[in-house]
Amino acid sequence: MTAIVDYGVGNLFSLRRSLDFIGAQNAVTNDPAVILKADRIILPGVGAFGDAAKKLAEGGFFPLLRERAASGVPILGICLGMQLLFDESEEFGRHEGLGLISGRVCPLKASLDALGLSYKLPQMGWNALHFVKADAPLLKYSRAGAFVYYVHSHYATEVKDSLVAFSEYGVRVPGIVQAGSVMGCQFHPEKSGDAGLAILRAFVEYQP
Amino acid sequence: MLTKRIIPCLDVRDGRVVKGVNFLGLNDVDDPVALARFYNAAGADELVFYDITASHEGRKLFADVLERTAAEVFIPLTVGGGIRSTDDFDRVLKAGADKVSVNSGAIKNPALIGEAAKKYGSQCVVLSVDVKRVDGKYHVFQNGGRIDTGLDACAYCAEGEARGAGEIVLNSIDTDGVKTGFDIEMLNEVCGRVKIPVVASGGAGRREDFLKLFQKTSVDAGLAASIFHFREVELGALKRYLSENEIPVRQ
């Protein structure tokens, strides 16, 4: 069973339905007991990092998710949920993340400005996924260049070895990252058509 | 590179697509779920459902349509029509919408944009604006283009962005239904004033109109209804054509 962590951030309807669609048993839950029993965990999220990190902390999910990750349970962070996997974010002040993957979350605007680029923000729409590690488990059913749907204004930097795939938006935007059994997608696989379902399928089938 | 989006729009009344659509080899298909499935397979980058129901029963049927669509079509779904409060946002987001489009509701209550952005995030707040030329200026119209609010469209869109809208849909009343191309002049005027993504609507008649739209403006997406429904322009062929002309599209 895949637990979708419901900590009060965002709309989980599509995520639940997409797992139903690929035949993956799932439960939307904020119950630590259910999360502890789950074979794998999805951490969703939209909105601001600070608010989400606060809600996650209030729900007692920081120690729980860190413990689950340490036990080797596969975890997939989606969009803001992926950003929360990193050490910290600079969105409206400095905020601590889960620290499960090494890296920092920064505003796209600062990086684009530094390059003299005036891309629209948020990055909203379909962008091609370029593979760095084509043999990564999440890419099992994907083809290089597949289009996925992004909506975000911040992105992960200093991700080093964890980079699995990226998209170009003036800068290299990490699209998929992985450190052990902890993985993240900056885009929304539940909104990326067949390309997104392929990634979700690979995650629910992944055995560490 | 981010691709340009092509977005079919379906008008729904009492849970059925208005007028029906006659291109599936069947007569007048008016089931929104079947059409959403069809457009998804054909390569639509997003879908817009516009609810033109007023009754409570109609609203319930619409929510049901939305839920059934979101259970099998996994591309972004935008919902518009009759959005006046954050309760309306709640109602459609819970039924599976990803973005909510506000038009008259934001004219009557500009604070709605900010309230919704704070509660649900800017990514799901779409400001839809009906624009028409009046004495050489671009004015915001309401009630389907019947009433001139006197508001300057550029200033209004910039204000909507500042309040927290994540995207703007610009409907040109001057070109709507004329099928002679998008309103390039107006789109450029407004695009110059905002940094968030802009969707162009009104005027598409041929595939060349989309090419011109993406060559001559910085808009992110083109929206159309009847030309797709009546197969005057076929989605897959349109995308191939745009790609051949070096417009980045998802294929």
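A residue counts as buried if 20 or more other C-beta atoms lie within 10 Å of its own, exposed if 12 or fewer, and partly exposed in between, with C-beta atoms placed from the backbone. This is a predicted model: local features need pLDDT of at least 70, side-chain atom pairs count only at pLDDT 80 or more, and totals for chains, interfaces and linings use all residues. Residues are numbered from 1 along each chain as its sequence is written, and chains are lettered from A and ligands numbered from 1 in the order in which they are written.

**Stop 1: helix α5 of chain B**

Select residues 111-120 of chain B, helix α5. Helices (H or I, at least four residues) and strands (E, at least two) are DSSP runs, numbered from the N terminus. B:Leu112, B:Ile113, B:Ala116 and B:Tyr120 are buried here. They lie on the same side of α5(B), because their arc around the axis is only 100°. That arc is taken from the directions from the helix axis to the C-beta atoms.

Now show what these buried residues pack against: α3 (86-94), β5 (99-102), α4 (104-108), β6 (125-134) and α6 (153-163) of chain B. Contact means that the C-beta atoms of two residues, placed from the backbone, lie within 7 Å. Step just past the helix to B:Gly121, where phi is positive, about 95°.

**Stop 2**

Axes are lines fitted to C-alpha atoms, for helices over the stretch in contact, and angles run from 0 to 180 degrees between N-to-C directions.

Select B:Thr86, B:Phe89 and B:Leu93 on α3(B), then B:Glu115, B:Ala116, B:Lys119 and B:Tyr120 on α5(B), which they meet. By class, this contact has four nonpolar, one polar and two charged residues. Ala, Val, Leu, Ile, Met, Phe, Trp, Tyr, Cys and Pro count as nonpolar, Asp, Glu, Lys and Arg as charged, and the others, Gly among them, as polar.

**Stop 3: α1 against α2 in chain B**

Select 32-42 and 56-70 of chain B, helices α1 and α2; they pack at about 30°, with axes 9 Å apart. This crossing is also right-handed. B:Pro32, B:Val33 and B:Ala36 of α1(B) touch B:Val65, B:Arg68 and B:Thr69 of α2(B). The classes are four nonpolar, one polar and one charged.

**Stop 4: loops of chain A**

Go to A:Cys79, in the loop between β4 (75-78) and α5 (80-83) of chain A. Its phi is near 55°, positive in a residue other than glycine. A:Cys79 is buried, with 26 other C-beta atoms within 10 Å.

A:Glu158 is next, between β11 (154-157) and β12 (163-169) of chain A. Phi is near 55° at A:Glu158 as well. A:Glu158 is partly exposed, with 13 other C-beta atoms within 10 Å.

Then pick A:Pro122, in the loop between α6 (108-114) and β8 (123-128) of chain A. The peptide bond from A:Leu121 to A:Pro122 is cis, with omega near 0°.

**Last stop: where the chains meet**

Show both chains. 25 residues of chain B are in contact with 26 residues of chain A. The chain B side has ten nonpolar, six polar and nine charged residues.

Conventions. A crossing is left-handed if the near helix is turned anticlockwise from the far one by less than a right angle, and right-handed if clockwise.
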